[in-house]
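Consider the structure below and work through the exercises that follow it.

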Amino acid sequence: MTLELQKPRPIWQIMFSTHHTDVGLLYLISSLTFLFLGGSLALGIRAELFLPGSQIIADAMTFNRIFTVHGTTLIFLFIIPFASAVGNYYVPIMVRYKDMAYPKLNAIAFWMIPPAGVLIWLGFADFTWYATPPYSIISAPGPAADMWIFGLKILGISSVLGALNFVVTILKCKHPDMSIGQIPLMAWSFLSSSLIIMVAIPTFAAALLMLLTDRLGVSGFFNPAMGGDPISYAHLFWFTFHPEVYVLVIPAIGMMYEIIPRFSRKPIYSYSSGVFAFVMLSIVGFSSWAHHMYATGMSFTEKTVFMVGTLAAVPASAMHVFNFVATMWNARIRFSTPMMWAVGGIALFFSAGAGGVVNSAMPLDFTTHDTYWVVGHFHLFVMGTIAFGSIGYLYYMFPYVTGRMYNETLGKIHFILSFIGTVLVFFTQHVLGLYGMPRRIYDYPPIPEWIAMNQIASVGAMIIGISMAVFLANMIHSAGKGKFADTDDPFGLGGKYYYPFEAKNPSH
Amino acid sequence: MGGHSNWPEWIYVAVVIALMTWVGAEAWEAERLVEHVPADAETIIVTGQQWFWTFEHEDGTKEIGELHVEVGKAYKFEVMSKDVNHSFNIHDYVVLMDAIPGRVNTVWFAPDAVGEHDIQCREYCGLIHYNMRGTLYVEEPSH
Amino acid sequence: MSQEHPTEYYRTTNSRVGKMLAIMLAICIVGGVIFFSMWDYWISEPPHVISVMAGDVDHSGPAEATGITITQDLQFLESADFRSLTFNAMIDEPGVNPTIEMSVGDKVVFNVVNDGMSFHAFGVTKDTEGFAGIIPGSEVAAPTNPLKPGESGTAEFIAGEEGTYYYICTVPGHRDQGMVGEIIVSGSSGPAVAADPTGVSHEFTLDFVESDDFRTLAFNALPGEEGNNPTIVVNSGDEVTITSVNAGMSFHAFGVVSNPDDFNSVIFDSAIAAATNPLKPGESGSTTFIAGAPGTYHYICTVPGHALQGMIGEFIVE
Amino acid sequence: MAVLVGLPAVDFAFAAGEEPGEYLDRRVLIWNLFYKMMTVAFITGSVVSGTIIWQVWRFRESHPKAKPTRYEGTDW
């Protein structure tokens, strides 16, 4: 029951195939490549901040370009494509259809990513990953900035196409015997996140066009010197990218929903509440965008409204945590690598969420806005929850994809190192933020506390780096030389898998 | 699914919602107090530009990179920017307000002890953002 | 649910993994080569909008001082019903919105008083309507932060080219309510004109220097040190050669200006580089020009804000 | 919706605010709020992560009292 359903064949046949597993494989490879590229940039940043003064990065300009591309790469070129990879592999199988609804569209959506990645990486723009005007308009040097804008434009189109494909596949192509209430929760997660993408991304696409024309000087939407308002960009941007945060996290949760019941040898505690929470998140996610802009002189009323909107998203996320805990209750858990990642992911998800709740209180914005607290907070989400869930799921699907088993010991080492590293880096960064260290600074005054905590964080980052090296070695070696996996039940869990992989939809 | 009833989950959700309400109420009250600018606050016009701060007092005196204030008075900052977004921040006094070109944002504080504090820019503003720093000198009342 | 599985499994092989890795590696290497070989190119162009905006602000063109100074007092007045707003006198009274006659290069000093009951702000513009395009240096207060009743201020305006300018209340709407007056600029008839080239030539070196914290900028030496922002004195008609080295970390550009508040008012085409295309750190440039009409000018760093930070010195033509 | 309608009203009601004779210290106010919230956050955090850790210890496969779940072997 391997997921690569066709015979071994030349690599170009995989590249130009439109079969969902092949496209999924391409997504997987490209997103992992960008994971390592972006991660190495992160190591560079941490090494630079290890001590005040210039360490390994020549000048501030280089540093600014590096953290910009680091953020852009890991969010747009690692997380989102990874979700699409898993979706491509599993969604058609889960809804028991022979392929994605629009295979060619699917391939197109993937093939938009490499050019976009090339644009972003060649350009190496120097405005932050949210290109705030007027900086991005009047002082960001081109052509890097314009290439970045084009790159993101392409990525936006690609993810909208992908989302469309998922929605149609899940809603229209599921097996007639299955009601929408029977598809696995992971399919639900892809459905809701795809819906978010289809609603949110177009706003950002429009904002990007305006940004470009502003840079060219033919319009002045966001350019104060030409009668525009920079804050309106912030609104457009965050209207897209706050929901986008949920787009990132929802598939990761869905993956945990696959892993945890499987390794607990129990069905999920409450399917309905899981579905409810997903839908809830995707709706409430749109009511909280402006909490990124408390400090830009919003009125008290606006702030209050958006704080309420932000807090409203918490119960939904909390229901997921409850679901996981309740599922593991009275279970017989086998702690293979995927399960370890999933459980670690839950713990970090909760702590990140707690930090977020504290941060959503309006007055605390005075202390934490744009400090390392924020950095620590969202990295705890992105690394601690999303990356953990994704990597766990990668281990989980490894035997099905390659037909071989990864090295369990190395996998566990990978998890333990990453967990320690993550806690070291991001919890320290929370405290660092409380000491008032701003984001995106290339150099900082030699304040003892700052130095100490930056060093802890840098060490943690190095630990994560090592673990990732282990991960890479493990993947490469096991993919080629790993011992053959029993592809019916690679983890020896005994239970049967509740969706038949080769199900064909008789109506097609 | 699973035919069993969900009452533990509903209790749990209720608790979460109660917590969130509490957080919201606390925050709302605090924000209301913080945002209330005292009537007799002195105005200081803060102008951010790449990559330094300019302060203009009510009596018209201008300072670059340094700000001298007196203990026991309330000061109202009118923060504005000449080029790109900055964020005016005195972390020791929990003062933070973005400097947005074309806008005037206000924030206030009342220093209560003599001392020196860092003023920094918290919003990414380009090449020398990391060094867009100033110093706040809190002094004894002159009169 | 039915569970039929295929009988034979296809497993990833060494060679396939190897090929895949080789391809990824090749892509990364090729990309990396292109990337690093063109590292500086990618950030070589300032956004196009800069030049658009720079052109936008440049209303009072370069002007060589004629030494003539006109002083004009103006009061903001409001009619009892606040319908008509005027300068100096009620509408249809004598002396309302006085018209100022001047010639290119003359300097007008406005002493503005808000004698009204609402807020006002002052500025000179070339636009025939609206409150935009205010010429730098000519404004008193601003719509965002206007003159309150009883407050006053002064501003200067040096006419660049011939034509009609307008002094207005820059508070939106007030111009339309009558707070607007004309400034008619005729061709330069001032007593002082550029002397014939004297053949004498001077050489000056003005290097851009920055303090370590980038807060103070200066020419040649930081404030307090020897030779900081030297005053340059030349005779009208002399040939002046100025060489500048950017010894700092940020971007700079040089120019002799008639109005130190307006980095666009560069005269004698004395510019080295420009705010839109400045000298990068370490670069240097030089310019040679004929000193024009006598007067006191300033040489500044034409990058916005730098003059304010101390990159400004006197350039006197006798 | 109630929020959108209600808040401006309440906001208006409070807009005057009580005049602080001497200025309130925003540091005290904000940090107090922060510590209050962190206390609650840490309490709930310890409860939840405590539960997870305990589960991980108790329900692991190798635990002496571990027993098969009633779903094992079935098709769920």
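Two exercises with worked solutions follow.

This is a predicted model, in which local features need pLDDT of at least 70, side-chain atom pairs count only at pLDDT 80 or more, and totals for chains, interfaces and linings use all residues. Residues are numbered from 1 along each chain as its sequence is written, while chains are lettered from A and ligands numbered from 1 in the order in which they are written.

**Exercise 1.** Characterise the fold of chain A.

*Solution.* Begin with secondary structure: chain A has 16 helices and zero strands (DSSP runs of H or I with at least four residues, and of E with at least two, numbered from the N terminus). Next, take its extent: the radius of gyration, over C-alpha atoms, is 22 Å, close to the 23 Å that the globule rule gives for 508 residues, so chain A is as compact as a globular protein of that length (the rule is 2.2 Å times the number of residues to the power 0.38). Finally, 66% of the 508 residues count as buried, that is, with 20 or more other C-beta atoms, placed from the backbone, within 10 Å of their own.

**Exercise 2.** Describe the contact between chains A and B.

*Solution.* Two residues are in contact if their C-beta atoms, placed from the backbone, lie within 7 Å. Of the five pairs of chains in contact, A and B share the most contacts. On this basis, 44 residues of chain B meet 46 residues of chain A. The largest share of the chain B side, 16 residues, comes from H1(B).

How values were computed
A residue is buried if 20 or more other C-beta atoms lie within 10 Å of its own, exposed if 12 or fewer, and partly exposed in between; C-beta atoms are placed from the backbone.
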